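Okay, thanks everyone for coming. Let me put the structure up and then walk you through it.

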Amino acid sequence: MLEVAGIGKDYRVDGGVFTAVDSLSFHVAEGELVCVVGPSGCGKTTLLRMCAGLLAPTRGTARVDGRDVDGPPEGTAVVFQEYGRSLFPWMRVGANVELPLKRLGLTRAERRDRVAEALRLVDLEGKEQVWPWQLSGGMQQRVAIARAVAFRPRLLLMDEPFAAVDAQTRADLEDLIRDLWSRLGITVVFITHDIDESVYLGQRVLVLSSPPTTLRAEIHIDLGPDRDQLDTRSAPAFAKLRAAVWREIQAAKRGAA
Amino acid sequence: MVTLARKTLLALGLPAALFALWWFASAGSTSFYFPPLSAITAEFAETWTPERWRDDVLPSVARLAAGYTASAAAGIALGVLIGRTRWLFHLTEPVLEFARAVPPPVLVPVIMLFAGIGDGMKTAVIVSGCVWPILLNTVAGVRSVEPVQLDTAAAFRLGRNRTLLAVVLPGASPRIVTGMRQALAIGVILMVVSEMFAAQSGLGFAIVQFQRSYAIPAMWSGILLLGCLGAALAALFTVFDRAVLHWHHRQRAEEV
């Protein structure tokens, strides 16, 4: 589904070159939910932007469905961290969710149905006529998720989508993502700086190193498909996996091999 | 209801007070150049006959409307182009700042040279002043559209036209409207100025004529009419602003 091969990004800074991402290779299979974690400033967002076709890599390639990414790939949706700024304040919630559907050749009724269904899935049923700024932060992010869901992407890329919401909302949104993922059978790449979140959500966690970033470790999360904020998080297996990811990140921060 | 009455009272209070002040202060005036306001208002009805409206006021307003519309169309179109094209922005920025700094009235004789002395010249003068605030504000507005919103549009592959119409223009619209508001004030000034050179009709032309024929109360009545026209246009613009930017005003009012 998503194949990243030797991808890297250099930035020019003050006449020098800063290698944000050195060389990263990994593969995400169809229908997988993969989390990417790493120390802060390790180029997670850079990686996601390259996969989303929003940023050209300096070297290497990302491939979606076997096609090189040289612009935003078809059938891909992105949810950004800055939910308040990714929604369009001049459109009501319904219009925000509907906008990407307008080029898909759907009838007005089909679009309306998709919008209603997507809003229902994120527990915002009937909020079409509300303005985005009238909603709380968590609800705004759910609108952004509904916009992605209504689009029916095959690949959903999420860039620290819950970093700016409070803890309780965050737990709800995590369960929402697990639920949508298992229901819709889409492929999800979820970027986060939160170790617990990555273990709770993912089937697999990719740990990145500090810049120049490479893939430091790959940890399989064998917690099964049914996860629960209370039981899963207090299970010994969860603690073990969490510790494993944590150790890798600590080592990454120290720059140890 | 109470607040609406209060607002109306506040809005009309100062003009009414100033009018009354003018009225009483000038009541006993024997000065030729500053006649009593009562004389001016009496002259008003006599001067601004339906024929004068047809021959002077309407042509002025029509030229203003034409010049202003052309400025808005050109300013927004070019502004979007420049704001979206990085090299074009860096190429044109210094020139635009220079062009904006040139006071438009000095261009009148120049524009007369190639546009003659007809309606075309007067409209061109209005455009020469109105286009800059709209253009520069559009450029700034387009450049300040949220990068995340542009990324969202790109990620969903909205395409160039839909991105422009659904994201870039609405995102830039608060700045564009600001530019259009500035341009309106400049347009009224240039409408009058352009009619002071080689004109046969228009509000500015009529006022200059009154002045030259020492019809001082009529001249003052023309100035009063201009003021009212300006105020009416500003009120009309506020209606336009509320319609286009209702989301913007509501967001600012409701967001905590």
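I'll go through the domains, the cores, one arginine and then the annotated stretches. Keep in mind that this is a predicted model.

Let's start with chain A. It splits into domain 1, made of 2-75 + 153-254, and domain 2, covering 87-152. The C-alpha centres of these two domains of chain A sit 25 Å apart. As for how they meet, 16 residues of domain 1 of chain A are in contact with twelve residues of domain 2 of chain A.

Now the packing. The largest nonpolar core has 108 residues, and Ile145(A) and Val245(A) have the most contacts inside it. So who gives the most to this core? That's helix H8 of chain B, residues 160-194, with 14 residues. On the chain A side, domain 1 and domain 2 both give residues to this core, so it lies between them.

Let's zoom in on Val245(A). If you skip its neighbours within four places in sequence, Val245(A) still contacts Val37(A), Ile195(A), Ser198(A) and Val199(A), along with Val205(A), Val207(A) and Ile219(A). There's also a second, separate core, this one of 32 residues. Among its members are Val34(A), Cys42(A) and Met50(A), plus Val148(B) from the other chain.

Next, the arginine I promised. Arg142(A) is in helix H5 of chain A, which runs over residues 137-150. Arg142(A) is buried, and yet it has no salt bridge.

Over to chain B and what UniProt has for it. An unreviewed entry there lists "domain: ABC transmembrane type-1" for residues 57-241 of chain B. In the model, that stretch of chain B is 85% helix and 0% strand, with its end C-alpha atoms 25 Å apart.

The unreviewed UniProt entry also lists "transmembrane region" for residues 65-83, 183-208 and 214-240 of chain B. Residues 65-83 of chain B come out as 100% helix and 0% strand, and the end C-alpha atoms are 26 Å apart. For residues 214-240 of chain B, we get 93% helix and 0% strand, and 40 Å between the end C-alpha atoms.

That's my tour, so over to you for questions.

Methods: Residues numbered from 1 in each chain as written. Chains lettered and ligands numbered in written order. Predicted model: local features only at pLDDT ≥ 70, side-chain atom pairs only at ≥ 80, totals over all residues. Heavy atoms only, no water. UniProt positions renumbered as here; feature names shortened; annotations may be inferred. Helix = DSSP H or I, 4+ residues; strand = E, 2+ residues; numbered from the N terminus. Core = buried A, V, L, I, M, F, W, Y, C linked by side-chain atoms within 4.5 Å. Buried < 20%, exposed > 50% of the residue type's maximum accessible area, 1.4 Å probe, protein only. Domains from an automatic or database assignment. Contact = heavy atoms within 4.5 Å. Lys, Arg positive; Asp, Glu negative; His and termini not counted. Salt bridge = Lys/Arg side-chain N within 4 Å of Asp/Glu carboxyl O.
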